Amino acid sequence: MWVPLLGFCIAKREKLLVYKYTPKGSLYDQLHEEGKDCKMDWPLRLRIGIGAAKGLAYLHHTCNPRILHRNISSKCILLDDDYEPKISDFGLARLMNPLDTHLSTFVNGEFGDIGYVAPEYGSTLVATPKGDVYSFGVVLLELITGERPTQVSTAPDNFRGNLVEWITYLSNNAILQDSIDKSLIGKDNDSELMQFLKVACSCTVTTAKERPTMFEVYQLLRAIGEKYHFSAGDDMMLPPLSTDGETPDELIVAM
């Protein structure tokens, strides 16, 4: 679910982390490498989406202490020989502490990669799990559309928005299906493609409270891929409930 840390070294002011090598590089490279068409078919893209969702859901809901990544992008999702996704780049990550009474803010204005940052961060500067959900939603949009997060090759020349804004435009005009990567269409997967796209859209809605939790995202994607048996015998435990009986999806980040 994440890249294994093999070792580390600290020498004076130099710090080095050694991670397991991931031969297929990043998901971003596989989707957007210059001069090359993406060769990943739909089942592979779906498997990558499910695997990455499971890793992030584990960080949010299951591990102790829980972790907020804060820098999710297709560049930090690395792929091994079998294209199994591994989450990396925890440099901006913070622990989630439900006992904190203060609102945690971003340090030194570090928000994450352009195109993946949730819209509420610009005004509130408050980090919550729903910000990670938004960023992951952008990754899902990349998987289903084949487009970069900050520019859309299929949009008209006068369009100056990012991928999420383009998806919103298409949705508002009832032509959301036009955003799907043409190489994926017409192969008896069209229903799955639309379901996947709707999950991605639910993650990137403007209002944070209307987004699903990462556990819900994982369950929705897993249901779409059920016939492929990607996660057979590898279920994730249900996230624990908070004292008021609600899933703690809005825990404040401990700095």
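Modeller: Quick note before we start: a pocket here is an open set of points on a 1 Å grid, with protein on both sides within 12 Å along at least five of seven lines. Also, this is a predicted model.

Colleague: Good to know! What volume does the second largest pocket have?

Modeller: That pocket holds about 290 Å³ of space. Its lining has 15 residues, and Y134, V164, T168, T204 and T206 are the closest to its centre.

Colleague: Which element gives the most to that lining?

Modeller: That would be α5, with 5 residues. By class, the lining of the second largest pocket has 8 nonpolar, 6 polar and 1 charged residues.

Colleague: And the largest pocket, what's its volume?

Modeller: About 440 Å³. The elements giving two or more residues to its lining are α1 (27-32) and α5 (163-172).

Colleague: Which residues lie nearest its centre?

Modeller: T145, G146, E147, S153 and D181, out of 24 lining residues. The lining of the largest pocket divides into 6 nonpolar, 9 polar and 9 charged.

Colleague: Switching topic: how many disulfides does a search of the whole structure find?

Modeller: The search turns up 0. Take C201: the nearest cysteine sulfur belongs to C203 and is 9.1 Å away, whereas a disulfide needs the two sulfur atoms within 2.5 Å.

Colleague: Is C201 buried or exposed?

Modeller: C201 counts as buried because its relative accessibility is 17%, and the cut-off for buried is under 20%.

Colleague: How does C9 count?

Modeller: C9 is at 40% relative accessibility, so it counts as partly exposed.

Technical notes
Residues are numbered from 1 along each chain as its sequence is written. This is a predicted model: local features need pLDDT of at least 70, side-chain atom pairs count only at pLDDT 80 or more; totals for chains, interfaces and linings use all residues. Side-chain values use heavy atoms; hydrogens and water are left out. Buried means under 20% relative accessible area, exposed over 50%, partly exposed in between (1.4 Å probe, protein chains only). On a 1 Å grid over the protein atoms alone, a cavity is a set of points where a 1.4 Å probe fits but cannot get out, and a pocket is an open set with protein on both sides within 12 Å along at least five of seven lines; lining residues have an atom within 4 Å of a point. Grid points are joined across faces, edges and corners, and a volume is the space filled by probe spheres set on the points. Helices (H or I, at least four residues) and strands (E, at least two) are DSSP runs, numbered from the N terminus. Ala, Val, Leu, Ile, Met, Phe, Trp, Tyr, Cys and Pro count as nonpolar, Asp, Glu, Lys and Arg as charged, and the others, Gly among them, as polar.
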